[in-house]
Amino acid sequence: MVLITQVFFTGLAFAILSSVHPVFGLYGSLFPSIIYAIFGMGRHVATGTFALTSLISANAVERLVPLSSQNLTPQSNTSVLGLSDFEMQRIGVAAAVSFLGGVIQVAMFVLQLGSATFLLTEPVISAMTTGAATHVVTSQVKYLLGMKMPYISGPLGFFYIYAYVFENIKSVRLEALLLSLLSIVVLVLVKELNEQFKRKIKVVLPVDLVLIIAASFVCYCTNMEDTYGFEVVGHIPKGIPPPRAPAMSILSAVITEAFGVALVGYVASLALAQGSAKKFKYSVDDNQEFLAHGLSNVIPSFFFCIPSAAAMGRTAGLYGTGAKTQVTSLLTSSKGTGGPYSLPRRVRRGSFSLKASTVMRQCVLSSIIVVGLKGMLIQFRDLKKYWNVDKIDWGVWVSTYIFTICFAANVGLLFGVVCTIAIVIGRFARAKTLSIKNMKEMEFKMKTETDGETLQQVKIISINNALVFLNAKKFHTDLMNIIQKENASIQLLDDNNKCEQNTLLNCLSNGNYNEEASQPCPPEKCSLILDCSGLTFFDYCGVSTLVEVFT
């Protein structure tokens, strides 16, 4: 019951976040889960509407079909669910973003780019998702405060939104603010109690459903829509429309948002899939996930679906149900997208349930969105872990987060990947390439051309890294330093031998001749052996360096 209500209300909320009619969020919770269950490998991954991808697609919707154009659009209702042409134009843009984003993901599967996911380090993913969650919370401020605010996006849009709020702080509706704070407190408190006592109680309280029903009942009885001018969700039509191809003529206009949906959605989904695979002891193919999420965006786009990805809240809910396959996700999605029509007959028979779905307060849905992002927002605690382990990872997290909130999630992700590559190159070039094994116990005799025998000391120089263009110069420098050091030690032994010979000559000149002292001390020579067993791979530059050393 908890998962069903969660699917229903998050579908409505994320559709509003995507700037389309709420009913399309219900479709976006159903069709992607069916496709992912067929092609995906994450057994506990709940695919559907997702806050980050919804926010990205909203940029395209508000840019191509702004709210100001609603007055210019004919108010005639279309044959699709009785919705206006304005609403259909908006979902057409969101469906185009979903279609093109899915095509990009399928192309990445064909190119086998899943093998490059090692560049998506944990600090980069954590910082990007945290920054994107901060963007989502910021986008809901106008609903939480009950303010009328124009859509603000683009670089530094995060700061422009809060600047607008502080400039128009007098327009905040106290009723909406109090209801939002009350909703957030109730949601957080009850969910924490459910988590703490989930082993002791048999039935988990569906606090989302209870809160929505209570808020809708209050709004319905007090007529807050007319009395205070509150924004409400509106009527939710029933039924599934016939499939229709997305508007191909606007694909070139939404390519930026499509890349954002493809990258951000895949990264967040892959992190959840890998986490569930690690927890329940199975494997996930990175390339197959590209195909699964790509098809989960392409095919549902023909059914008026907004961009989809794996959702953290619903995935965590599947953990608690003991789900082992995607069947549980399919059942909850199919029941949840039924909305009020999936409730028991005696509940939906009355007129209140249908009216309640009409007057459902948007500030309550926004509170559900904010609380649902708690798992991403608390990733700020990772900063202490990164600081204690590696200061560079800490710096990557902070810089990626700053780029994400200043620009966008896809920009922050690309910045984090570039930083990771630069750090790897820098560390690899300065890494230790050689180690010396001094074989002091091992002395052996080597025959020279004159059949003489000399004792030699062996020192083995091991190559413990790859030898490529990045570290070839440092390898040559380190090796030359070792050779020069050994030559200096041999020269010191020669100087000691000369000193002993001078002492012997002085003894002879004084008449004190000792037969043992007359035997010369042969200088101890040292042989250097280059051990290449640790050489993992090399390129032409590395081979040229080895040839240069031996010549």
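Which residues is valine 136 in contact with, leaving aside its neighbours within four places in sequence? I looked this up to open the notebook, and found Leu17, Ala51, Leu52, Leu55, Ile369 and Leu373. Contact here means heavy atoms within 4.5 Å.

**Ground rules.** I am working with a predicted model, where local features need pLDDT of at least 70, side-chain atom pairs count only at pLDDT 80 or more, and totals for chains, interfaces and linings use all residues. Residues are numbered from 1 along each chain as its sequence is written, and side-chain values use heavy atoms, with hydrogens and water left out.

**Core.** Next I checked the largest nonpolar core, and it has 81 residues. Such a core is a set of buried Ala, Val, Leu, Ile, Met, Phe, Trp, Tyr and Cys residues joined through side-chain atoms within 4.5 Å. Buried means under 20% relative accessible area, exposed over 50%, and partly exposed in between, with a 1.4 Å probe and protein chains only. Val136 is among the residues with the most contacts inside the core, along with Phe9, Phe24, Ile91, Leu365 and Leu373. Helix H4 (residues 85-110) gives the core its largest share, 11 residues. Helices are DSSP runs (H or I, at least four residues), numbered from the N terminus.

**Helix H17.** I then turned to residues 362-372, where 10 of the 11 residues are buried. Leu365 and Ile369 are among the buried ones, and so is Cys363, as its relative accessible area is 2%.

**Cysteines.** How many disulfides does the structure hold? I found 0, counting pairs of cysteine sulfur atoms within 2.5 Å. Cysteine 541, for its part, is partly exposed, with a relative accessible area of 33%.

**Glutamate 62.** Is glutamate 62 buried or exposed? It counts as buried because its relative accessibility is 15%. I placed glutamate 62 in helix H3 (residues 51-64). Its side chain has a polar contact of 3.1 Å with that of arginine 90; the term covers a pair of N or O atoms within 3.5 Å where, within protein, one must be able to donate a hydrogen and the other to accept it, and residues adjacent in sequence count only if both atoms are side-chain atoms. Beyond four places in sequence, glutamate 62 also touches Ser19, Leu67 and Tyr151.

**Positive phi.** Glutamine 112 has phi near 55 degrees and sits in the loop between H4 and H5. Leucine 156 has a phi of about 65 degrees, in the loop between helix H6 (141-145) and helix H7 (157-167). Glutamine 112 is partly exposed at 40% relative accessibility, and leucine 156 is partly exposed at 36%.

**Aromatics.** My search of the whole structure gave 13 aromatic pairs. Rings of Phe, Tyr and Trp (its six-membered ring) pair if their centres lie within 6.5 Å; planes under 30 degrees apart count as stacked, over 60 as edge-to-face and the rest as tilted. Tyrosine 266 and phenylalanine 290 are stacked, 3.7 Å centre to centre with 5 degrees between the planes. They lie 24 residues apart, tyrosine 266 in helix H11 and phenylalanine 290 in helix H12 (residues 286-298). Both are buried. I also noted one aromatic cluster of Phe24, Tyr27 and Phe304.

Terms used. Helix = DSSP H or I, 4+ residues; strand = E, 2+ residues; numbered from the N terminus.
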